Amino acid sequence: MEHEHTEHVSAPPERVFAALADPENLPHYVPQLVAVERGEGDKLMIEARYEGHTQRGEAWFRANEAEQRIEWGAPDSAYHGWIQISPEPNGSHLTLFLATARGDASDNEVMGTLDAIRRLVEAHA
């Protein structure tokens with residue numbers, strides 16, 4: 001299942017990118033994530049809670065400052081996504097794309113993540 005949503009953030013693209021490019025900030029705006037630990041290269045070890053169960057696993061996370069784009073996914077899985085940050089008058093335009101293997105993310109969860117990103121970045125204005 002694929003989801004794509006957009007959000008306006010009242011902060012410049014550079015500040016939005018800086019907040020989102022740090023994988024240790026992920027638990028601040030992805031509600032299921034409990035902990036993130038950096039590995040080698042673009043690898044992360046993550047801990048997430050789904051339906052009352054804690055799961056641990058590996059993920060990859062890439063931040064491309066020149067393109068103002070962040071991509072992530074899970075190895076050996078159809079799960080992946082990206083955020084594109086674009087300048088807009090009075091802030092930034094975010095586009096969030098997410099592909100899930102089993103349709104285990106609802107549009108409400110995706111929009112909630114974008115709203116959490118907006119609150120995180122605007123709170124540090």
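1. β6 and β7 form a hairpin, with two residues between the strands. Asn90 sits in the turn and has a positive phi of about 65 degrees. Strands here are DSSP runs of E, at least two residues long, numbered from the N terminus.

2. A word on the basis. This is a predicted model: local features need pLDDT of at least 70, side-chain atom pairs count only at pLDDT 80 or more, and totals for chains, interfaces and linings use all residues. Residues are numbered from 1 along each chain as its sequence is written, and side-chain values use heavy atoms, with hydrogens and water left out.

3. β7 covers residues 91–99 and runs antiparallel to β6. Nine bridges join the two strands. Pro87 stands opposite Ser92 in β7. Two strands count as paired if DSSP finds at least two bridges between them.

4. β6 (residues 80–88) also pairs with β5 (residues 69–73). The sense is antiparallel, over five bridges. Trp72 has Gly81 in β6 as its bridge partner. The hairpin of β5 and β6 has six residues between the strands. In that hairpin, Asp76 takes a positive phi near 55 degrees.

5. Now Gly57, found in strand β4 (residues 53–64).

6. Gly57 and Ile85 are 28 residues apart along the chain, and their C-alpha atoms are separated by 27 Å.

Technical notes. Helix = DSSP H or I, 4+ residues; strand = E, 2+ residues; numbered from the N terminus.
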